[in-house]
Amino acid sequence: MAFTNLAENAERLTKRIQETIQEQTREFTKSSGSYLDAPDLDNPANIQKLLNSSSEREKLDGMKRLVAMISKNRNVSQYFAQVVKNVVSHNLEIRKLVYIYILRYAQSEPDLALLSINTFQKDLSDSNPLIRAMALRVLSGIPVTMIGNVVVIGIKKCASDPSPYVRKAAALAIIKCYALDSSHLPTLTQILTTLLRDRSPLSLGSVALAFNAICPHRFELLHQHYRRLCKMLSDLDEWGQVNLLDLLGRYARSMLSKPPESASLPEGTQLHLEEETEAESPKLDVDLELLLKNAKQLLQSRNPAVVIAVVRTFYYLGPPTDRDKIIVPLLRLLRSPKEIEHAVLEDIAVIALESPSLLTPHATKFYVRSTDSNQVKRSKLRILSHLITEDNAQEMLKEFKDYVVDTDDGLVSDAIWAIGRCAALVPSTTTAALSALTMLIRSSNDVAVAAAVDALRSLHQLRVTTQQTNRTEKKPVNIVGHLAARFKSLRHPSARACVIWMVGQYGEVAPESAEGQLAAKHGIAGITPWSPDILRLAAKSFKEDPSIVKLQTITLAAKLVVLAPEVEALCILARYVFALARYDQDWDVRDRGRFQGSLLRGVASGLSNAGLDDVEERKEGVVLRREQVKRVLFEGKGVPDQSRRDETGCETIGSTSLLIKQEFTGYSFRKLPDWPEEGTDPSLRDTEDDQPSTPFYSGPPGRIFGMGSQSLGVSNAPTPIILTPGGSSPAGSVPKSGASALSQKPQFMSLDDFYKTSSEEEEESEEEEEEEGELHKQSQGSSNAGSSIQSPWATVTRASTTQALNTSTAQAKGEQSPEQEEESEEEYETDEEEDESAEEDDEFLRRV
């Protein structure tokens, strides 16, 4: 019978194993990727049949098909009712896919999602932490305001879960709940305060993210956790490190003292133990130093986001003398993929703009390669333009000339601008730069021509302002004349507008100069010879020119009339230009023409009502004199700061605004606040973990008593234990405590006192040993003489020990009954007899 049952069980187990192997083989041959290419993937009848099947394998097959269709961006919300029924499945894989599906379509089908809330609440108490976390994730992802209280209860329950993975899900659910209904902020803040006390690295990154989302400026909640969070930085996951560094950085900028300019982070991990004197350099704040030391270890992280976060921390929080530590890790990231390389280069460009000396030794690493993308090329070129010095100016100029022939118009424009900047920063390269820019004016590329004209304009303004002209260089006026001669061939609107502005701005010449004499002989006195002709050509093409050229043409006409109001030809041209501007389609052109005409009312008549012959000129308003108008039109044209050409006001390392070149309002809280005038009290950040640990023995420091047969003390000489009969405790058997102990063994304040006292104790112990030795010799001498006197030391010791042990035992037991007292007396008499016999044996041995 037993053999038959065993055979049946074996057969049943064999069948089950065969079925399992078949299912595993079927799953192995039909991988997850095969669902994407299945011909009947979106067959509604087949999917509904699979979802309503009683077989777990078919349900799993149906859910995989739905997830595959979701990955193809197909709408499968019509299966929501069939999917929700499978939320109670015992198969973990099916429940995972059901949760994914519900998260995807809970926003479009909130009413159907509410049907499974009871199941999700039940799953919050599941034994599997993965199920608990996914249930909370789905529950917080249902966009229905009325279940906000249920979500808060679930978050509060999971915040105290023993699993760190569930606590991490609770921190992420706080963000969703706050976005759904901000009225729960007080409760969510209390839950977040509880999660801040978490000591698991798995959940702290999400807690920092939740803190930034719901209360980014409540830094008072971090006082007691700041130092612990700093020490746990290296234990967090990579993205948790990014979030926590951002939070701790903003806390430090709000609560800690600003680091001195001359301070530096000490090498190693040792703390400052020397006392600071007045002659020493100022030190960093201890809490700021703690943050920087723990963040420095993350510079070797494999995640570029972590490295950028540490660079941001050191650059904006650390002392300026420690910024060189972030350069090598940043350069290491240049070997990353193109997208990451571009983001890193944008951060490096900020450093090159503000602290170029840090990157100048590494300038060759930013040379443009032919395999670089256009964005990477332009970022590298912008960095190189900020690293120009007198030592590398010639080499940089050669590099910029090579970049001019690139196929990217943006790179060509930036390279030409860099050539002009090189000439402006290093005067020794001005001749070569002007020659290159002059050659580029003849180029067939309109973008290159426009960029060259703009670079020449910047150089011209700079040289006229600083009055720096070398003999071997072309004079500023000749540069304008050269550009004016090429005006007919210029087609780019920016180039034409730039030349017209330069002709008008620098059209006046002194009568006594060579140019003034030439103008008086062949043209109009006080005006460059080419200025009237440029006005004629611009007025001729006024209708076809774009608005940027029209605006500069109106300004040129007004400037020439102010310089030579007696010349009738100039007044006629100006009147013609103002008449065309009055009826232009662009309101900016119309406003500029009306403004310039009214401004010249006191210089030349008939310009304010140009184009209206039947309307008399109005006389009301203020009329300016010629000198006043000249000052309005010509003065105040300063040299623009070319170093901040691409600055957008969003230059913050590690920010999204730096990449998109505009303010990104979604994360405005990530802006680093200004340093406070005085940091907060460091005692606010003191915790029990920061207190020094107390020693395991707080008694007298002269001797430490352990569990061995010999006490651990300073003195190595053994001290005899003298037992006194009749006492409550043997004298010297235990260390004294209380006031008597403190009076006999004072606390030592220095090592010298300690060693001095220990030496005295050694001398005392040696003297006691000598006395005991003499007493022992006397007892031996008396025994050898045949005396019957026994050894006093042995007798006293044995008797005293026996009586002391009996006394201590009696005291430990307390009061005894009469019978127990009689038993103890009998035992005592027996012990005395044994002691006498032992003494006789000892005497006999000594005689022998």
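**A look inside**

Reply: C158 counts as buried because its relative accessibility is 1%, where buried means under 20% relative accessible area with a 1.4 Å probe, protein chains only. C230 is buried too, at 0%. The whole structure holds 0 disulfides, a disulfide being a pair of cysteine sulfur atoms within 2.5 Å.

A word on the source: this is a predicted model, in which local features need pLDDT of at least 70 and side-chain atom pairs pLDDT 80 or more, while totals for chains, interfaces and linings use all residues. Numbering starts from 1 along each chain, and side-chain values use heavy atoms, without hydrogens or water.

Now to the second largest pocket, with about 710 Å³ of space. A pocket here is an open set of points on a 1 Å grid where a 1.4 Å probe fits, with protein on both sides within 12 Å along at least five of seven lines; lining residues have an atom within 4 Å of a point. Among its 26 lining residues, V242, A305, G654, T656 and R670 are the closest to the centre. Two or more lining residues come from each of α12, α14, α16, α18 and α32, with α16 giving the largest share, 6 residues. Helices are DSSP runs (H or I, at least four residues). The lining divides into 16 nonpolar, 6 polar and 4 charged residues.

Elsewhere, helix α22 has 12 residues, 430-441, so it should span 16 Å at 1.5 Å a residue, and its end C-alpha atoms, 17 Å apart, agree; that span is 1.5 Å times one less than the number of residues. Buried residues of α22 include T430, A433, L437 and I441.

Note on methods. Points joined across faces, edges and corners; volume = space filled by probe spheres on them. Nonpolar A, V, L, I, M, F, W, Y, C, P; charged D, E, K, R; others polar. Buried < 20%, exposed > 50% of the residue type's maximum accessible area, 1.4 Å probe, protein only.
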